[in-house]
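Trainee: I have a model open and would like to learn how to read it. Can we go through it feature by feature?

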Amino acid sequence: MMAAPAWKISGQYYETCSCDFVCPCIPGLLAVKPTKGSCTFAMAFQIERGNYGNVSLDGLGFILLGLTPQEMGKGNWSVGLLADDRASAEQRDAIAAIASGSAGGPIAALSGLIGKFLGVESAPIRFERNGMRWSVQASTFLDMSAEGAKGLNPAAAEPLWHENTGHPAADRFALAHASRSHIHALGLSWDDVSGKNNGQYAPFSWKSV
């Protein structure tokens with residue numbers, strides 16, 4: 001089997017999940033139950049610059065969708081991928097290799113927790129950002145939005161930050177209140193407009209080694 005080529009991608013990461021704000025899974029070291037018993041999540045990545053060997057990934061996006069049925073550290077996750085429909089077959093294969101962890105990088109560390117791969121769908125992915133407010137849409141598959149969470153200072157220009165997280169997307173990310181989360185893709189279904197669910201976002205930078 002040929003080794004995967006060297007690769008690197010960077011850009012912006014956005015996530016909502018079905019846990020109440022703030023998601024307990026990271027401070028609980030993946031050993032605590034999600035606040036609703038299980039957790040449905042969407043992790044969206046807007047690639048600003050990137051390449052997989054000689055294949056450019058500039059300007060593309062992808063979204064990891066998943067369900068963890070119990071404490072995250074117990075595994076048996078179901079995970080699938082939405083790939084940018086503007087990607088060529090070669091680019092789509094590269095994104096799938098990165099997002100699955102088969103090409104190494106941060107997601108590879110989670111491979112032992114994933115029990116079922118739900119497949120790959122192509123979709124037009126649209127990212128919108130206005131200060132601390134953001135949204136991600138992917139056809140009828142995904143529609144999520146959130147706003148950065150502030151502390152006690154109402155005039156703060158920056159959100160609250162989670163530091164030294166060990167999260168595969170980013171070690172430091174901003175906390176956010178999800179305003180809506182709709183997932184209907186790859187066998188997953190979740191709708192929430194309560195404004196009580198967790199969100200987070202950050203710049204991200206990944207590479208193969």
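Trainee: What share of the residues in the protein chain is buried?

Mentor: Keep in mind that this is a predicted model. A residue is called buried when its relative accessible area is under 20%. In this protein chain, buried residues make up 49% of the 209 residues. The chain exposes about 9,800 Å², and carbon and sulfur atoms supply 53% of that area.

Trainee: Why does the radius of gyration of the protein chain agree with a compact globule?

Mentor: Compare the value with what the chain length predicts. For 209 residues, a compact globule would have a radius of gyration near 17 Å, and the protein chain has 16 Å, so the two agree. The C-alpha trace spans about 50 × 35 × 35 Å along its principal axes. Look at the contacts too. Among those with a separation of 6 or more, 66% join residues 24 or more positions apart.

Trainee: How many helices and strands are there in the protein chain?

Mentor: The protein chain has one helix and 13 strands. Read from the N terminus, the order is β-β-β-β-β-α-β-β-β-β-β-β-β-β.

Trainee: Now the pockets. Which residues lie nearest the centre of the largest pocket?

Mentor: A pocket is open, whereas a cavity is a space the probe cannot get out of. The largest pocket here has a volume of about 500 Å³. Its lining has 29 residues, with Met-72, Trp-77, Leu-110, His-167 and Pro-168 nearest the centre.

Trainee: Which elements supply at least two residues each to that lining?

Mentor: They are β1 (7–20), β2 (39–52), β5 (77–84), α1 (89–100), β6 (114–123) and β13 (197–207). The largest share, three residues, comes from β2. Sort the lining of the largest pocket by class and you get 21 nonpolar, seven polar and one charged.

Trainee: And cavities? How many of 30 Å³ or more does the structure hold?

Mentor: One. The largest cavity holds about 30 Å³ of space. Its lining is Val-22, Cys-23, Ile-26, Pro-27, His-162, Phe-173, Leu-175, Asn-198 and Gln-200. Both β11 (173–185) and β13 supply at least two of the lining residues. By class, the lining of the largest cavity has six nonpolar, three polar and no charged residues.

Trainee: Val-22 lines that cavity. Where is Val-22 placed?

Mentor: Val-22 sits in the loop between β1 and β2. Check the backbone there. The peptide bond from Phe-21 to Val-22 is cis, with omega near -5 degrees.

Trainee: Which phi value does Leu-30 have?

Mentor: Leu-30 has a positive phi of about 65 degrees, although it is not a glycine. Leu-30 also lies in the loop between β1 and β2. With 28% relative accessibility, Leu-30 counts as partly exposed.

Trainee: Is Leu-186 buried or exposed?

Mentor: Apply the cut-off of 20%. Leu-186 has 17% relative accessibility, so it counts as buried. Leu-186 has a positive phi of about 55 degrees and is not a glycine. Its place is the loop between β11 and β12 (188–192).

Trainee: Which residues does Glu-121 touch, leaving out those up to four places away in sequence?

Mentor: Glu-121 touches Leu-81, Leu-82, Ala-83, Arg-92, Phe-141 and Leu-186. Glu-121 lies in strand β6. Its relative accessible area is 34%, so Glu-121 is partly exposed. For distance, take Gly-11: Glu-121 and Gly-11 are 110 residues apart in sequence and 21 Å apart in space, C-alpha to C-alpha.

Key:
Residues numbered from 1 in each chain as written. Predicted model: local features only at pLDDT ≥ 70, side-chain atom pairs only at ≥ 80, totals over all residues. Heavy atoms only, no water. 1 Å grid on protein atoms, 1.4 Å probe; cavity = no way out; pocket = protein on both sides within 12 Å on 5 of 7 lines; lining within 4 Å. Points joined across faces, edges and corners; volume = space filled by probe spheres on them. Helix = DSSP H or I, 4+ residues; strand = E, 2+ residues; numbered from the N terminus. Nonpolar A, V, L, I, M, F, W, Y, C, P; charged D, E, K, R; others polar. Rg over C-alpha atoms; globule rule 2.2 N^0.38 Å. Buried < 20%, exposed > 50% of the residue type's maximum accessible area, 1.4 Å probe, protein only. Contact = heavy atoms within 4.5 Å. Areas by Shrake-Rupley, 256 points an atom, 1.4 Å probe, with all protein chains shown as cover.
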